[in-house]
Amino acid sequence: MATYTTAETRALPPGGRARSFLRRGQVGEDIAYLITLAAAATIFLITSLIFYELYVQSVISRQKFGFHFLFTSTWDPVAGNFGALPFIYGTVVTAALALLIAIPQGLGSAIFLAELAPRKVSDSLTFLIELLAAVPSVIYGLLGIFILVPFLQADVVPVLKDVFGFLPIFQGAFYGVSYFSAGVVLSVMIMPFIVSVSREVLIAVPRDQREASLGLGASRWQTTWHVVVPYAMKGIMGSVFLALARALGETMAVTMVIGNTPQIKASLLAPGYSIAAVIANEFTEAVGGLYISSLIELGLVLFVVTFIINGLARLMIIAASGGGANT
Amino acid sequence: MNVLMFSLTGLCTLFTIGSLLFILGYLVTHGASALNWDFFSKLPVPVGEIGGGMANAIVGSAKVLVLATLIGVPIGFLGGVYLNEYAEAATAFVIRYATDLLNGVPSIVIGIVVYALVVRPMGHFSTVAGGVALGIMMIPISVRSTEEFLHAVPNSLREAAIALGASKWKTIASVVVPAAITGIVTGTMLDLARVAGETAPLLFTALGNQFWSPGWNHPSSTLPVMIFTYAVAPYDDWHRQAWAAGFVLLMFILAINITARFILSRASYAPRGMV
């Protein structure tokens, strides 16, 4: 028991501290506080636990390979040689291709919805586009395998090879499953994020900016492209980073259309592999501590990368909306 | 120039909307035609045989989602209450950051962590592990939606309750939360819809099961995992069933989404910027 000062002892009711606790009638208050605090602490605990588990469970491969793991390109479960490079390459290439397609497409749609469409039309179209974001990844994969890949094989790639076949990225045989197919599927998946956030940011640009530009004689398109979009650029970049983070972590759709071949090829038409895809495919069949540990280390790499990119995205969106972001 | 650029943007929008309509349309025509009563009532038949259904997957998905909601929503809701009503700035920042971090974790990584935390100690795959994985995924969205809708309740309500003599927790429980309840419930619905389609975390937690999964401690098949397994297999009948399952899953998710957003548009206190 702690010793009290004379002043405190005089102030306590008979029965001491315990009595005053109950007498205050604050039991409900304190319990409510403790319960909600416990819930919040659990969230913090879970997040820390994720990082901790990834780090600890990958100790075997981290100790064996060190940083070379990130730069080795062999993936040989039989000989026990594991390297992350083919998967990092595949993840980056598919995400880059997805962004290349989705950014102009998404920004264009956002401009149309923010500047041109009447408010009601814009709202209902945005609702539809946000429904696209609700479609699960495995269904994108389903459509990818049975519709997109045959379509690319029959109609798109022959044309691409005719016109751009001299480029190294369009050389080699096309079996359907490839970086290219994965990139296209990913682009459709991340587009709704770019559209919805960019549209909000564009709408938030103050009216005076537009009116000032028009007042100086600029056309509507000049106003949009040279005034409104640059003003909203931070928020748009934030949406791009968010989309990127989503594309990097996407598992099912990519697994189903990328071809699942751990190799590094310059051609987009070649089959490849991504970090999430290899974990999804091989984790349940991985035998031996080193194999599983390598897969978990890949998960750690993915976690760290998405962590960094998500952080950047949040920073940009907050900077764009002047701290009033609701994302 | 104006006309050219703006019609280009219109084309972009058309393409985006078009892809959604195409996805919906194809799934409805192809998936609905593949659906039959067997799908909902029969177990999968051995590989290569025709027929059978996904009754165990539907029940398995339901079990996993119920467990996920029971785990994710209370933690998320109470965490959101803490963030909005009790926390000081520094603590709130840390918790919010952790929540955002958790939201950004790829679903496959959550699967790995739950494998290490639940499956390995238990010694086998189970519905419980699947429920825990999806529950963890439900927490961040639950926190964020609770916090936003609580924040949207005007302070005058809180002040009025306190002026009438209610204690803080009583205010929260009987005044603030009921005012925000529409939003919180719809947020939960949207959360559920998102998690219902997740496949990756279930791949090594609930794994799969050709038969009925008794209780909570056995591996269980779930609809998204079945779609994945059947789609990548070489059997035509399995492809047909994958389409049917995709149709059922998508209809379920879209129904929840549309209902939730519809209710939200009529909510009394909605934060600005929410649909």
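Mentor: Start with contact: two residues are in contact if their C-beta atoms, placed from the backbone, lie within 7 Å. This is a predicted model, in which local features need pLDDT of at least 70, side-chain atom pairs count only at pLDDT 80 or more, and totals for chains, interfaces and linings use all residues. Residues are numbered from 1 along each chain as its sequence is written, and chains are lettered from A and ligands numbered from 1 in the order in which they are written.

Trainee: Leaving aside neighbours within four places in sequence, what is Ser167(B) in contact with?

Mentor: Gly28(A) and Glu29(A). Ser167(B) sits in the loop between helix H7 (155-163) and helix H8 (168-196) of chain B. Helices here are DSSP runs of H or I with at least four residues, strands are runs of E with at least two, and both are numbered from the N terminus.

Trainee: Is Ser167(B) buried or partly exposed?

Mentor: Partly exposed, because it has 15 C-beta neighbours inside 10 Å. A residue is buried if 20 or more other C-beta atoms lie within 10 Å of its own, exposed if 12 or fewer, and partly exposed in between, with C-beta atoms placed from the backbone.

Trainee: How many residues of chain A are in contact with chain B?

Mentor: 69 residues of chain A, which are in contact with 72 residues of chain B. Helix H3 (residues 27-57) of chain A gives the most to chain A's side, with 18 residues.

Trainee: What is the span of H3(A)?

Mentor: H3(A) has 31 residues and reaches 42 Å from its first C-alpha to its last, close to the 45 Å expected at 1.5 Å a residue. That expected span is 1.5 Å times one less than the number of residues. Buried residues in H3(A) include Ala32(A), Ile43(A) and Glu53(A).

Trainee: Change of topic. Which domains does chain A have?

Mentor: The assignment gives domain 1 (6-57) and domain 2 (65-320); such bounds come from an automatic or database domain assignment. Their centres, taken over C-alpha atoms, are 44 Å apart.

Trainee: And the largest nonpolar core: which residues touch the most other members?

Mentor: Ile194(A) and Ile227(B), out of 184 residues. Both domains of chain A give residues to this core, so it lies between them. A nonpolar core is a set of buried Ala, Val, Leu, Ile, Met, Phe, Trp, Tyr and Cys residues joined through C-beta atoms within 7 Å.
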